[in-house]
Protein chains: 2
Amino acid sequence: MNANSANVTIRDVAQLSSVSPMTVSRVINRSERVSPDTRRRVEQAISELGYVPSRLARGLSRQRTGTLAVIVPDVANPFFTLVLRGAEDVARREGFRVILCDTRADLALESEVIEEMIAHRVEGVVIAPVSDRSKSHLRRLTKFGVPFVLIDRTVPGIYSDVVLGDSTGGARQLVEHLISLGHRRIGFIVESDDVSTARDRQQGYAAALEAAGIPLDPSLIANATVDPDGGFNGMRQLLDSKNRPTAVFTVNNLVALGAIEAVREARLEVPDDIALVCFDDIEYASRLYPFLTVMEQPAETFGTLGAQLLLERIGGRGDDRDRTVVLPARFVVRQSCGASRQQSAP
Amino acid sequence: MNANSANVTIRDVAQLSSVSPMTVSRVINRSERVSPDTRRRVEQAISELGYVPSRLARGLSRQRTGTLAVIVPDVANPFFTLVLRGAEDVARREGFRVILCDTRADLALESEVIEEMIAHRVEGVVIAPVSDRSKSHLRRLTKFGVPFVLIDRTVPGIYSDVVLGDSTGGARQLVEHLISLGHRRIGFIVESDDVSTARDRQQGYAAALEAAGIPLDPSLIANATVDPDGGFNGMRQLLDSKNRPTAVFTVNNLVALGAIEAVREARLEVPDDIALVCFDDIEYASRLYPFLTVMEQPAETFGTLGAQLLLERIGGRGDDRDRTVVLPARFVVRQSCGASRQQSAP
DNA sequence: AATAACCGTGGTACCGATAACATATCGGGA
DNA sequence: TCCCGATATGTTATCGGTACCACGGTTATT
């Protein structure tokens, strides 16, 4: 009670319990070699003074901080929110704390953030990199001996543990579904191709078309930022093209939302005029209104697995080889693809 | 390039540039009193060695870490995600980093997390406390001289800066709206009353009823956890009661989602059989399907303001008095309340 | 010309913990 | 009885910075 416990140090505790700081340290760290009696006295002093050991000092002395960084391009994107939560959960269980960094998909900010994490001497990093150009930042981590795990995206030239979704296969399946519904002119709204996930999905898209003998028409591919605005603009571009698609595959859910708005603005309807499919579910939206046909990825598992791989490496338990984990997506057919019309009501 | 920069210290830089560590420190911290020539030499050495100063050491020595904690009951709740992002943003601009903590609405975990943040010597905390019983945890912060700002919820007996929504007024407005639509039996699904926000909303609910001369019927108030499951159970309870409500007000959006599912399961419909209103919008869901009538709160502003108040206090610029900021909510009428039927189509 | 004021820089101690080694104490075996 | 080893505890140096004060050399002041 009473006073301010802010500046209580291990020496104060030592003094009060008439032992050396070293013994107090032993008690704190549960190391053996402390007599029950002494231990009791020290614990008494600790609680009396309200002593909380400084992690700064401990980190400096031990040369380990017990801290991880999780770096994502957008915390507000439900996918990354879940990744974060998964990683945080695993980290906590293993006695690590997590510093969150949101790069806003900005390379310069990402670079800055990584420098900061190095300065903080985090013991590892779980990162969904902004793009291929994140390579130099990641190299910095390597140079400082900070292990990291890539989430959701690979970076050419960077070798590390990776947790990915099956972008190529998932994309292919989505597009094949559209083809099976009779679509031949299928648009694709995607971010710039310096993001591996975008490339992979584009590859799946192309593969599905090729397998069906449909020539790939570049005018059906629109580039966009990965947010609703991007989706809106991308869809508008596709709708304006003279050879308008009858179905569109968007690189993720947020893009799909904007795309739908563009369709509505053009006084058209999904799925009747434009069928739509995308990656990633929007949990809460789908609960309220199960509309989007999606490839649902186990977002939280991306985080838990990523943290697990990372912690193994930190603990020296990691395999020497880099590990790549590919998590399967789940195909969820709802209304936006137009399939429900054909399946009709029960 | 080449080797590992992990262990480069200020002394290494000093040696390479033939100055004392102190001078290097001066260069790093942009303090004046360094000749241009020396500065250049030191900077050269820094980049040559790839030196990144340790924040641990600096924090220990300076007795300030440049770190804040943001503690929320559920990162995956879009409201708190935005709070977090707002706080992170402001903190970064001011040169602070943020440690995120998710308490999962668990008091014990919250306590643990706060101890950890004290151990980390964070300079301040932005927290949406679990409940009134968070009081003892917050007292710990006070005892350690760590300033904090409460977000979204007050805690009786705790005096600090607070950023709140207008729960009472918002609730009253929502319920009055339902009343104006002709409803007299209005249910309320709410969490336990040891959360100030829940109390305030209940008070607004009661006030609206009283103003309309409608007696408050306790059987119309259902208690629930703040998530879709809670909403589901709560709504089921209300539907099963012999005097079923014709409209329901839920304490937030996630609860509303579950409530809607319960209505559907009972083969009823919103808003025809049960009108529904709640606090907090679900951004992405509403974009796809603007259905819920809500009191939309400026979540990100909760975070930015909270961080600002906190940083002011840390910087000693804070007003001596505790400040309470109440942010107005925006009433968004959509379909779930049933008003659109009456307003008819244009 | 003597003194003051300032500038750039270095020396030393310290922030709060811990690693590594040293020492005191005690019981037991030769 | 004496020495050995185990056990409990203390001492010292160190982690990587920075605060504080001191010092030699200029330049300004009178």
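This is a predicted model: local features need pLDDT of at least 70, side-chain atom pairs count only at pLDDT 80 or more; totals for chains, interfaces and linings use all residues.
Helices (H or I, at least four residues) and strands (E, at least two) are DSSP runs, numbered from the N terminus. Residues are numbered from 1 along each chain as its sequence is written, while chains are lettered from A and ligands numbered from 1 in the order in which they are written.

**DNA strand D**
- Around DNA strand D there are 25 residues, and Ser20(A), Ile10(B), Ser25(B), Ala57(B) and Ser61(B) are the closest.
- Helix 2 and helix 4 of chain A, and helix 2 and helix 4 of chain B, each give at least two residues to this surface.
- Helix 4 of chain B supplies the largest share, 5 residues.
- The surface has 11 nonpolar, 11 polar and 3 charged residues. Ala, Val, Leu, Ile, Met, Phe, Trp, Tyr, Cys and Pro count as nonpolar, Asp, Glu, Lys and Arg as charged, and the others, Gly among them, as polar.

**DNA strand C**
- DNA strand C has 26 residues around it, with Thr9(A), Ile10(A), Ser25(A), Ala57(A) and Ser61(A) nearest.
- Two or more residues each come from helix 2 (21-28) and helix 4 (55-62) of chain A, and from helix 2 (21-28) and helix 4 (55-62) of chain B.
- The largest share, 5 residues, belongs to helix 4 of chain A.
- By class, 11 residues are nonpolar, 11 polar and 4 charged.

**Chain A against chain B**
- In this interface, 45 residues of chain B contact 45 residues of chain A (C-beta atoms, placed from the backbone, within 7 Å).
- Elements of chain B that each supply at least two residues include helix 5 (78-93), strand 2 (97-102) and helix 6 (107-119).
- The chain B side divides into 25 nonpolar, 9 polar and 11 charged residues.

**Thr293(A)**
- Thr293(A) sits in strand 10 (residues 293-296) of chain A.
- Thr293(A) is buried because it has 25 C-beta neighbours inside 10 Å. The cut-offs, with C-beta atoms placed from the backbone, are 20 or more others within 10 Å for buried, 12 or fewer for exposed, and in between for partly exposed.
- Cys337(A) is 44 residues from Thr293(A) along the chain, yet their C-alpha atoms are separated by 5.9 Å.
- Leaving out residues up to four places away in sequence, Thr293(A) touches several residues, among them Val277(A), Val332(A) and Cys337(A).

Key: A residue is near a molecule or strand if its C-beta atom, placed from the backbone, lies within 6 Å of it. Two residues are in contact if their C-beta atoms, placed from the backbone, lie within 7 Å.
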